[in-house]
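Thank you all for coming.

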Amino acid sequence: MGSDRALKRLSRFDVMSGMKKPFYVFCDDGIEEVRKRVKDKKLRYLWVVEKDLRLIGWIDMKNIDSAGSMEEVITKSGIKNICIREYASLREALSRMLSEGVKVVPIVNSNGSLVGEVSLSDIEAITEEVG
């Protein structure tokens, strides 16, 4: 299938069709508590939310073992640049991933609350299913 045709197909699907449940922690969780929760999980990153699930940043898991506090590991800059709204298309999600250099984008609602995530591999799987 040509690349133009594949991109056109992605425009027909919204991110909710490829969305997965995100793994997240609360910003006021203690660093030790977070380490225990993610100990046996193979995560590359971790979303950080407020109590109302409003997304405020992420944690790169490479940095969590050496951190003394949550503040040291939470990345807040650029979070609004990678978020995708729940009504966005998979094409928009892919475009955001490519422009921001990420493989996963968080999906937020109109309040900025985290509702899911979609990854490059999720998009690939959907294009294979409909191809």
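What you see is a predicted model, and I would like to begin with V25, which touches V34, R37, L46, W47, V48, V49, I59 and M70, leaving aside residues up to four places away in sequence. V25 also belongs to the largest nonpolar core, which has 14 residues, and within that core V25, L46, I59 and M70 are the ones that touch the most other members. Two or more residues of this core come from each of α2 (31-38), β2 (45-49), β3 (55-60) and α3 (70-73), and α2 gives the most, with three residues. There is also a second, separate core of 13 residues, and L10, I84, M97 and V105 are among its members.

Let me turn to α2 itself, where the buried residues are I31, V34, R35 and V38. They lie on the same side of α2, because the arc they cover around the axis is only 100°. As a reminder, an α-helix has 3.6 residues a turn, so residues three or four places apart point the same way. The partners against which the buried residues of α2 pack are β1 (24-26), β2 and α3.

Finally, there is strand β7, residues 114-119, which is largely enclosed by the rest of the structure, since five of its six residues are buried. Its partner is strand β6, residues 104-108, and the two pair in the antiparallel sense over five bridges, with V104 standing opposite S119 in β7. Five residues lie between the strands of this hairpin, and there G112 takes a positive phi near 85°.

Technical notes
Residues numbered from 1 in each chain as written. Predicted model: local features only at pLDDT ≥ 70, side-chain atom pairs only at ≥ 80, totals over all residues. Heavy atoms only, no water. Core = buried A, V, L, I, M, F, W, Y, C linked by side-chain atoms within 4.5 Å. Buried < 20%, exposed > 50% of the residue type's maximum accessible area, 1.4 Å probe, protein only. Helix = DSSP H or I, 4+ residues; strand = E, 2+ residues; numbered from the N terminus. Contact = heavy atoms within 4.5 Å. Pairing = 2+ DSSP bridges. Arc of directions from axis to C-beta.
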